[in-house]
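User: I am new to this one. Could you walk me through the structure?

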Amino acid sequence: MSAERGATGRGDGRNDGNGGGRDPRRDSRGRQRGAARSRGEAHRSTQAPGERRRRTDPARTAAYDVLRQVDGSDAYANLVLPPLLRERRVSGRDAAFATELAYGTLRLRGRYDAVLAHCVSRPLDQLDPEVLDVLRLGAHQLLGMRVPAHAAVSETVALARDRVGAGPAQMVNAVLRAVGRTPLDDWLTTLTDEAPDLVTGLATTGSHPVWITRALREALAGHGRSPDEIGALLDADNAAPRVTLVARPGLASAAELSRQAADADVRLEAGRWAPTALVLAGGSDPAGLAAVADARAGVQDEGSQLVTLALAGTPLDGPDGRWLDLCAGPGGKAALLAALAGERGATLVANELQPHRARLVERALRAVPDGVVELVRTGDGREVGDEEPAAYDRVLVDAPCTGLGALRRRPESRWRRTPADLGTLSALQRELLTSALDAVRPGGVVAYVTCSPHLAETRLVVDDVLRRRGDAERVDARAAVREALVPGADIDLGAPDGGAHGLDVQLWPHVHGTDAMHLTLLRRRG
């Protein structure tokens, strides 16, 4: 019998008298009563058990409300949670708890759904979505956090009473008790043993859709790594990433940020790869740093910084005065490019299709000195090559993609993306790269960047574009990345395949601690 079906008895232990020859020290079910109860002196609540605890703490409530917005409104947790915590004045350890509970539940949803399916008597898609989200939150506390089992169950049941009612709360109580009776390692063994094949087992225990797990495994092999690293990659996707800052050259220095951090009781560490990177230790909040507030520094993944620095450092044939960020929103790479351009006397044009994202770019660029940013233009990047042929010396194509390289930051994306997205996005990526090659002058360089390692969005896009034109060739991106590193750093870029693809760079969360950024550098021939 499932735990859900076993949750039907009321079991409130009430008795209406001592008649019928029963022992007055025992209740109607024969259970021992306390001395005060047997004398009739114990206080009895006027509430039914389902009404006795109707509210849980603000952190769990906030995490639940984030999950509901993610599911019901296609919202992104990283955009919903921070303002919600500020609005409800949840801070400190409570805010950290809410963040881990919401993000961790979203990341490990697939694993928890497989566990819950063993403990619920009907298919999960027949449960109300609100109830299922409560169960997922409880499962994460039991199997993924250091929350005592009794607290995880009781607080989640209280959340259920508050948000979905006393009736479902009884089922939540029974299901979570069943979940908690089995340790995580035993659950993982069960899920692995019942999987029909290796990839499905990895996908279930590693909480990724099967198609994504298979694609990432193929990408590892295609980019010069062992496909056996897939387990480590899935684990890295399920770990909370640390926040990385960029000290934009000429605008802020690492030393200045360190001084500001010390004054604000924020701990910073030097980045592992990029000289511009600093990593926040623990749960520190960068918002209190003046350099971040005025956009002389910002939050930017170290892999994103590294590919931007590699483009800026690639040698050119001829002048180096005009740069273009073809898909600039929300502005992190554009701001770093603009800072580098300012140090060299170059200018930057930032193009963005969506007006609201163009405004984000303008905000990110607000600390750049006058005259460096030539224009923030709102337009279709696919048209720039026709409108401004051979007009730029360096062009960045940070192409829209599936985002499979940033699943640790946007955990809900793994449950929203489908294989059908690849066709639409890869067609767009080809058009944008073609436009960029038209917009760069002969001798100039284009960086093709995606936050996805999927072969259909990386090497296949570049190969197809190069086959259609004879005026571009790959440049050694590996050498450019190594040149951009912190002095003395030794980075593992995988085994090159000996061909043109061996010039590309693919970063990985489990190897480099960065998002899975891809970089191909192309030079346009005269």
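Analyst: Let us begin with a term: a nonpolar core is a set of buried Ala, Val, Leu, Ile, Met, Phe, Trp, Tyr and Cys residues joined through side-chain atoms within 4.5 Å. The model discussed here is predicted. Its largest nonpolar core has 54 residues.

User: Which residues have the most contacts inside it?

Analyst: Those are Val 66, Leu 135, Val 172, Val 175 and Val 179. At least two residues of this core come from each of several helices, including helix 2 (58-73), helix 6 (129-143) and helix 8 (166-180). Helix 6 contributes the most, with 8 residues.

User: What does Val 179 touch?

Analyst: Leaving aside residues up to four places away in sequence, Val 179 touches Val 115, Leu 116, Cys 119, Leu 142, Leu 143 and Trp 187.

User: Is Cys 119 buried or exposed?

Analyst: Cys 119 is buried, because its relative accessible area of 4% is under the 20% cut-off.

User: And how many disulfides are there?

Analyst: The count is 0 disulfides. For Cys 451, the closest cysteine sulfur is in Cys 401, at 5.7 Å, so the two are too far apart for a bond; the cut-off is 2.5 Å. Cys 451 also counts as buried, at 16% relative accessibility.

User: Changing topic, what about the chain as a whole?

Analyst: The chain has 526 residues, of which 54% are buried. Its secondary structure comprises 23 helices and 12 strands. The accessible surface is about 22900 Å², with 49% belonging to carbon and sulfur atoms.

Notes. Residues are numbered from 1 along each chain as its sequence is written. This is a predicted model: local features need pLDDT of at least 70, side-chain atom pairs count only at pLDDT 80 or more; totals for chains, interfaces and linings use all residues. Side-chain values use heavy atoms; hydrogens and water are left out. Buried means under 20% relative accessible area, exposed over 50%, partly exposed in between (1.4 Å probe, protein chains only). Helices (H or I, at least four residues) and strands (E, at least two) are DSSP runs, numbered from the N terminus. Contact means heavy atoms within 4.5 Å. Accessible areas come from the Shrake-Rupley method with a 1.4 Å probe; for residues, only the protein chains shown count as cover.
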